[in-house]
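These notebook entries record what I looked up in a structure that was new to me. I set them down in the order in which I consulted the topics.

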Amino acid sequence: MADSMAQPAPQDGETRRDFLQLVAGSFAAVGVGAIAWPFISSMNPARDTLAVSTTDIDLKPIAAGSAITVVWRGKPVFVRNRTEEEVKAARSVPLSELQDPQPDQARVKKDQWLVVIGICTHLGCIPLGQKPTDQRGPFGGWFCPCHGSAYDTSGRIRQGPAPTNLAVPSYAFTSDTQIRIG
Amino acid sequence: MAIGLHKSEFKNPVIRWVDARLPVFTMVQKEYGTFPTPRNFNYFWNFGALALVNLLIMMATGIFLAMNYTAHTGLAFDSVERIMRDVNYGWLLRYAHANGASMFFIVVYIHIFRNLYYGSYKAPRELLFMLGVVIFLLMMATAFMGYVLPWGQMSFWGATVITNLFSAIPFVGESIVTWLWGGFSVDNPTLNRFYSLHYLMPFLILGVVFLHVATLHITGSNNPLGIDPKGPQDTVPFHPYYTAKDSVGLVVYFIVFAVLVFFFPNVLGHADNYIPANPLVTPPHIVPEWYFLPFYAILRAVPDKLGGVVLMFGSIAILFVLPWLDTSPVRSMRFRPLARPFFIVWCVAFLVLLYVGGKPPEEPFVTIARVCTAYYFLYFLVILPLLGRLERPLPLPESIARPVLRGGGPLPAGAMSKPMEKA
Amino acid sequence: MPAFRSLRALVLGLGLMAGATPALAAGEGVSLPDTRFSFDGLFGHFDRASAQRGFQVYKEVCSGCHSMHLLSYRNLRQLGLSEAEVAGIAATVQVMDGPNDEGQMVERPGRASDRFKSPFPNEQAARAANNGAYPPDLSVITKAREGGADYIHALLMGYGDPPAGMQIADGMHYNKYFAGHQIAMPAPISSDGQVEYHDGTRATVDQMVTDVTQFLTWAAEPELEERKAMGVKIIIFLTILGGLAYAVKRKVWRDVH
């Protein structure tokens with residue numbers, strides 16, 4: 001008996017013990033897995049962060065041809081009051097020339113107002129083009145100084161390494177001169 | 001050790017490749033697989049493993065809480081409540097962390113009780129024991145600083161009272177307290193440094209735990225009989241015997257933990273700590289967390305400021321010399337007919353101190369605290385040294401396995417508990 | 001077996017420690033009547049209709065002096081209010097926001113994401129308006145008082161005439177359950193029908209006190225239902241796991257014992 005102690009258990013008990021251990025082990029593994037979830041989940045946005053996710057913007061002070069930057073969810077949103085020429089320029093481009101084909105009409109709710117998230121879709125820099133003195137790039141929209149992506153007056157990528165157009169956030173006109181983002 | 005690749009005995013080529021270069025698999029196999037462990041542990045021997053698991057739970061929940069906590073006097077309280085309300089499962093993390101501290105002390109107190117009862121502190125495990133006392137001290141410091149972080153009334157006044165203990169030091173006391181505070185009262189600098197240290201110290205504890213376990217694996221474990229294993233018949237490999245046994249204890253531990261966290265999350269805390277800190281108003285009854293109460297009672301038992309502080313720290317410092325105060329060669333109290341009742345009285349005195357520590361400093365609690373404090377020290381300084389000479393221990397069993405071997409077959413349950421009758 | 005003897009000692013020790021703790025909690029004074037609430041017990045849950053009425057009591061009675069700055073209007077969704085109702089409630093207050101593009105602070109109607117508006121801008125203003133007493137914030141009040149919901153309920157019901165011979169200081173009021181029995185707050189809920197409930201429930205004093213206690217407990221522990229439900233599941237799971245672990249341990253040790 002003393003010898004058997006240091007050895008694995010006798011043969012007849014073997015399968016039953018293996019099975020038990022398997023069940024107990026799987027149970028414990030499920031438990032450990034389940035308890036990992038609260039930890040992972042706690043790093044997702046908290047309820048107060050999710051709650052404060054709308055921003056109201058008054059459009060009245062934005063003159064034709066100029067733009068403002070507002071913060072939504074900690075990100076810049078470009079709101080541009082486009083001139084007729086700019087709208088025309090955006091709409092006259094054949095879709096086949098675009099890297100990420102999308103008609104201008106699908107990117108705006110009212111022709112003159114373009115609302116896009118002002119983050120270059122390449123690696124997250126903020127493109128230039130908001131201030132009148134900024135360089136706007138060869139397509140009259142925005143130009144990202146980090147790696148040279150150029151966007152047109154519809155915020156679509158026309159040149160450079162960025163893969164997609166500037167994203168359009170979900171927003172709605174709450175009145176003729178006011179929009180709510182989020 | 002010779003230079004060159006380790007000769008690994010693992011079959012899996014990847015494990016073998018790593019093991020040859022860094023023999024961690026061999027080490028784990030040796031220390032937690034085949035490690036020869038006395039075969040007669042009772043469930044008290046679960047508590048070391050439980051304490052390690054508890055430390056890891058505290059570190060995990062703490063790291064995730066830190067992602068949402070703000071260490072600023074104006075924001076800390078609300079940031080903790082934001083964790084409770086808005087962070088996904090934040091309430092679970094915080095309640096697990098707060099009650100985890102209590103669980104940690106319950107586990108460690110039982111671990112220390114087991115150590116004292118079975119004489120595990122005696123040669124050759126003195127250093128192992130002293131490292132354990134270091135862990136205990138670090139734990140207390142960590143717990144104290146952690147309790148300050150929610151910046152409630154008890155946080156603030158606990159921090160004020162405990163840091164003021166250092167003002168009892170002659171000449172430099174006041175300067176030390178100012179240095180601890182980083183100002184002229186417990187304030188934002190204090191909160192910031194406590195947060196920093198509270199985050200750091202668990203890693204120090206983990207380091208000392210590693211040394212504690214390393215020391216344990218040099219001497220091997222003590223056991224309920226307090227006699228050394230005489231050969232392979234006295235031991236079993238750690239795995240699967242003690243991994244299985246520890247698992248049972250672990251689940252029971254988790255059940256107790258879960259009952260606290262999910263059904264009584266605030267029962268061990270204090271309501272006043274849900275009132276934001278107010279430096280102008282001290283709550284009528286200020287008490288530390290329950291796990292500090294025995295030492296708090298010792299502090300208050302002494303009418304002199306410096307004396308109280310010295311005795312309070314002395315009550316833990318005395319443990320460092322315990323292996324030399326107890327001169328009896330017999331480890332387990334099972335074979336010490338005189339020491340055993342004295343020790344049980346000591347345990348009762350400790351629990352009574354815990355009780356009166358939470359009571360207002362008035363009669364009869366002051367007298368009770370003084371009597372218990374006196375006995376606390378008497379036991380270590382007088383009773384144990386004397387008993388080492390005067391006591392006639394019961395005859396020890398020849399070996400751990402002997403009662404079983406002599407029976408020559410399966411014995412009825414309970415045979416192992418009375419080895420002295422067999423010997 | 002020694003193991004069982006040891007376990008018994010352990011349980012005894014834990015019991016002693018646990019016994020010591022409530023003792024610290026019990027202050028001097030009168031013992032609180034034990035009130036039954038829907039959120040008590042293992043399967044406790046909030047009575048949403050009662051908590052909604054309690055919110056109405058808070059809004060119409062308490063909020064004149066007591067802030068609840070940790071709550072947001074959006075939290076009321078949890079009590080079963082619709083998004084539109086919450087937006088409506090939030091819009092009834094004016095919230096200071098800004099600065100706007102001209103650098104001015106502006107008032108705007110509240111939104112669901114705003115915190116409950118506090119009646120006073122700061123503690124000094126609150127004290128000045130209340131005879132020097134500071135009406136505490138009620139966000140976590142049931143956690144911040146020994147006795148919790150029982151205490152709040154008892155306190156609100158505890159007003160009355162002082163016993164013969166007791167001197168009540170100027171501007172103070174007798175309360176059976178308040179520490180020292182003299183409280184600066186006059187009986188806030190004192191007559192039937194003080195609040196006209198939207199749902200037609202008869203607003204007796206006891207009903208209003210019960211409702212507002214329900215509301216305050218929810219406010220302090222909004223996670224209570226989720227916590228208890230999760231606890232029941234986890235303990236069932238652990239009990240099964242414990243059985244399995246013990247069976248494995250028995251099997252492993254069979255040849256040694």
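I note at the outset that the model is predicted.

**Entry 1: domains of chain B**

I began with the domain assignment, which divides chain B into domain 1 (34-283) and domain 2 (287-394). I then looked up the separation of the two, and found that the C-alpha centres of domain 1 of chain B and domain 2 of chain B are 22 Å apart.

I next examined the contact between them. On one side stand 25 residues of domain 1 of chain B, and on the other 20 residues of domain 2 of chain B. I asked which helix of chain B gives the most to the side of domain 1 that touches domain 2. I found that helix 6 of chain B does, with seven residues. Helix 5 (90-117) and helix 6 (126-148) of chain B each supply at least two residues of that side.

**Entry 2: helix 4 of chain B**

I turned to helix 4 (residues 76-85) of chain B and found it mostly covered, with eight of its ten residues buried. Among the buried residues I noted F77(B), V80(B), I83(B) and M84(B), and also E81(B) and R85(B). I then looked up their surroundings: the buried residues of helix 4 of chain B pack against helix 3 (47-66), helix 5 and helix 9 (188-219) of chain B.

**Entry 3: a sheet in chain A**

In chain A I traced an open sheet of three strands in the order 1-9-8, with antiparallel pairing. Its edge strands are strand 1 (55-58) and strand 8 (171-175) of chain A, each pairing on one side only. I noted an average twist of 30° from one strand to the next.

I looked more closely at one pair. Strand 8 and strand 9 (residues 178-181) of chain A are joined in the antiparallel sense over four bridges. Here S175(A) stands opposite Q178(A) in strand 9 of chain A.

**Entry 4: R136(A)**

I located R136(A) in the loop between strand 4 (113-117) and strand 5 (140-143) of chain A. Is R136(A) buried or partly exposed? I classed R136(A) as partly exposed, because 19 other C-beta atoms lie within 10 Å, whereas a buried residue has 20 or more.

Leaving aside residues up to four places away in sequence, I found that R136(A) touches G129(A), G141(A), W142(A) and F143(A). Finally, I recorded a C-alpha separation of 9.4 Å between R136(A) and T153(A), which are 17 residues apart along the chain.

Note on methods
Residues numbered from 1 in each chain as written. Chains lettered and ligands numbered in written order. Predicted model: local features only at pLDDT ≥ 70, side-chain atom pairs only at ≥ 80, totals over all residues. Domains from an automatic or database assignment. Contact = placed C-beta atoms within 7 Å. Pairing = 2+ DSSP bridges. Axes fitted to C-alpha atoms, helices over the stretch in contact; angles between N-to-C directions. Buried ≥ 20, exposed ≤ 12 C-beta atoms within 10 Å, placed from the backbone.
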